[in-house]
Amino acid sequence: MTRYYLDFQDGEMWLKDEEGQEYDSLQAARDAAIAALPDVGREAPPADGRRAFVAYVRDESGAILRW
């Protein structure tokens, strides 16, 4: 299994995954990132009140992966 890091951006606020988690595939990591978005949305909004969520999946080298 490969360790992936799930990072989230909410406007100018970044939530960076420092620990990562092992997933069977990039698709499994992508699915986990998407599934986590509702939880991220429950956090207090940024100071400007605008919400624009983006999920990123990084590999162990820190590269952001595309699917």
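Select Asp7 and show its surroundings: leaving out residues up to four places away in sequence, Asp7 touches Leu15, Lys16, Asp17, Val54, Ala55, Tyr56 and Arg58. Contact here means heavy atoms within 4.5 Å.

Before going on, note that this is a predicted model, in which local features need pLDDT of at least 70 and side-chain atom pairs count only at pLDDT 80 or more, while totals for chains, interfaces and linings use all residues. Residues are numbered from 1 along each chain as its sequence is written, and side-chain values use heavy atoms, with hydrogens and water left out.

**Stop 1: Asp7**

Stay on Asp7. Colour by secondary structure, and Asp7 falls in strand β1. Helices (H or I, at least four residues) and strands (E, at least two) are DSSP runs, numbered from the N terminus. Asp7 is buried, at a relative accessible area of 5%. The classes are buried (under 20% relative accessible area), exposed (over 50%) and partly exposed in between, with a 1.4 Å probe and protein chains only.

**Stop 2: the salt bridges**

Side chains of opposite charge can pair when their charged atoms come close. Searching the whole structure gives three salt bridges. The rule asks for a side-chain nitrogen of Lys or Arg within 4 Å of a carboxyl oxygen of Asp or Glu.

Keep Asp7 and select Arg58. Their side chains form a salt bridge, 2.4 Å from N to O. This pair links distant parts of the chain, with Asp7 in strand β1 and Arg58 in strand β4, 51 residues apart. Arg58 is buried, with 12% relative accessible area.

Next, select Arg30 and Asp31. A salt bridge joins their side chains at 3.5 Å, N to O. Asp31 is partly exposed at 39% relative accessible area. Arg30 is partly exposed too, at 23%.

Then go to Asp39 and Arg42. In this salt bridge the closest N and O atoms are 2.5 Å apart. Is Arg42 buried or exposed? Arg42 counts as exposed, at 62% relative accessibility. Asp39 is partly exposed, at 47%.

**Stop 3: the aromatic pairs**

Switch to the rings. Rings of Phe, Tyr and Trp (its six-membered ring) pair if their centres lie within 6.5 Å; planes under 30 degrees apart count as stacked, over 60 as edge-to-face and the rest as tilted. The count by this rule is two aromatic pairs.

Select Tyr4 and Tyr23. Their rings make a tilted pair, 6.4 Å centre to centre, with 50° between the planes. Tyr4 lies in strand β1 (residues 2–10) and Tyr23 in strand β3 (residues 21–23), so the pair ties together parts 19 residues apart in sequence. Tyr4 is buried, at 9% relative accessible area. Tyr23 also counts as buried, at 12% relative accessibility.

Finish on Trp14 and Tyr56. How is this aromatic pair arranged, and what is the distance centre to centre? The pair is stacked, at 5.2 Å centre to centre and 20° between the planes. Trp14 is in strand β2 (residues 13–15) and Tyr56 in strand β4 (residues 53–58), so the pair ties together parts that are 42 residues apart in sequence. Trp14 is partly exposed, at 47% relative accessibility, whereas Tyr56 is buried, at 19% relative accessible area. Tyr56 is also among the residues that Asp7 touches, which brings the tour back to Stop 1.
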